[in-house]
Amino acid sequence: MLALFALLNALAALRYLLPHVPFPAEIENFSQRRLALSLHALGGAIALLAGPLQFVPRFREANWNRHRLLGWTYSSAVLLGWCASLWIAPHSETGWIASSGFLTLGAAWIVTTGLAVRFILLGDAIRHRRWMIRSFALTAAAITLRMYLPLIFVFHWPFSIAYPAIAWLCWLPNALAVEVYLRFVPTPSRITLPANMVGTSPQLP
């Protein structure tokens, strides 16, 4: 289900790379900062697509080099998406409350991903796993955001009030839920990695 929602949201985001965008969001960032919006959509879409399969043990352990390559792809996509967000988040619809929500999300996104990369380079696969779970929970804010937005129109909520709230609610519950998961769901006491998995960049074919 997670992979399906990730795919649908990634395809929706990738439409911003088309010359003529179908059903674009009527926002200032589209009309005034389309390049940054497109780069953010590209980074977010790649991260959404690369993430879910990394959590499937059989897929991950069948080919560690593929896992590493996808991991670097995911991390690079997060970096791209975050950098582009610094251009568009300050101009979010409805003002500074929404902007601060998205900027805080971006900061948490890049920090969690950066820590995940740091720990795998140090050979600490357990902490790497935990921080990657946190990172993808924040990547999934793109999914929850698009689940919340239609509710504004269904329940006729004032956009000026609902959108700033959604800018925070699209990711704070995700972050809290993943902490509950990591607290109560048992994690492996040890993950054994091949020697060539530690501290190296991917080996391209």
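Trainee: At what angle do the axes of helix α5 and α6 cross?

Mentor: Keep in mind that this is a predicted model. The axes of α5 (residues 64-88) and α6 cross at roughly 155° and come within 10 Å. The two helices are therefore roughly antiparallel, since angles over 145 degrees count as such.

Trainee: Which hand is the crossing of α5 and α6?

Mentor: The crossing is left-handed.

Trainee: And which residues make the contact?

Mentor: From α5, the contact takes W72, Y74, S75, V78, L79, G81, W82 and L86. From α6 come L103, G106, A107, W109, I110, T113, V117 and L121.

Trainee: How many charged residues in the contact of α5 with α6?

Mentor: There are no charged residues. The contact has 12 nonpolar and four polar ones.

Trainee: Staying on α6, how far apart are its end C-alpha atoms?

Mentor: They are 37 Å apart. With 26 residues at 1.5 Å a residue, α6 should span 38 Å, so the two values agree.

Trainee: What follows α6?

Mentor: G123 does, and its phi is positive, near 85°.

Trainee: New pair. How do α7 and α10 pack?

Mentor: Helix α7 (residues 125-139) and helix α10 (residues 172-184) pack at an angle of about 155°, with axes 9 Å apart. That angle therefore makes α7 and α10 roughly antiparallel. Their crossing is right-handed.

Trainee: Which residues make that contact?

Mentor: R129, R130, I133, R134, A137 and L138 on the α7 side. On α10, the residues are N174, A175, V178, E179, Y181 and L182. By class, the contact of α7 with α10 has seven nonpolar, one polar and four charged residues.

Trainee: What about α1 and α8, at what angle do they cross?

Mentor: Roughly 75°. The axes of α1 (residues 2-14) and α8 (residues 141-154) come within 9 Å. The pair is therefore roughly perpendicular.

Trainee: Which residues meet there?

Mentor: L2, F5, A6 and N9 of α1 contact A142, I143 and R146 of α8. Five of the residues in this contact are nonpolar, one is polar and one is charged.

Trainee: Changing topic: what does the pLDDT of the protein chain average?

Mentor: The average is 90, and 92% of the residues score at least 70.

Trainee: Where is the pLDDT below 50?

Mentor: Over residues 201-205. Beyond near neighbours in sequence, that stretch has nine contacts in the model. Where pLDDT is low, predicted coordinates should not be read in detail.

Trainee: And which helix has the highest confidence, and which the lowest?

Mentor: Helix α6 (residues 96-121) is highest, at 97. Helix α4 (residues 57-62) is lowest, at a mean of 87.

Conventions. Residues are numbered from 1 along each chain as its sequence is written. This is a predicted model: local features need pLDDT of at least 70, side-chain atom pairs count only at pLDDT 80 or more; totals for chains, interfaces and linings use all residues. Side-chain values use heavy atoms; hydrogens and water are left out. pLDDT is the predictor's confidence in each residue, from 0 to 100. Helices (H or I, at least four residues) and strands (E, at least two) are DSSP runs, numbered from the N terminus. Contact means heavy atoms within 4.5 Å. Axes are lines fitted to C-alpha atoms, for helices over the stretch in contact, and angles run from 0 to 180 degrees between N-to-C directions. Angles under 35 degrees count as roughly parallel, over 145 as roughly antiparallel, 65 to 115 as roughly perpendicular and the rest as oblique. A crossing is left-handed if the near helix is turned anticlockwise from the far one by less than a right angle, and right-handed if clockwise. Ala, Val, Leu, Ile, Met, Phe, Trp, Tyr, Cys and Pro count as nonpolar, Asp, Glu, Lys and Arg as charged, and the others, Gly among them, as polar. The expected span of a helix is 1.5 Å times one less than its number of residues.
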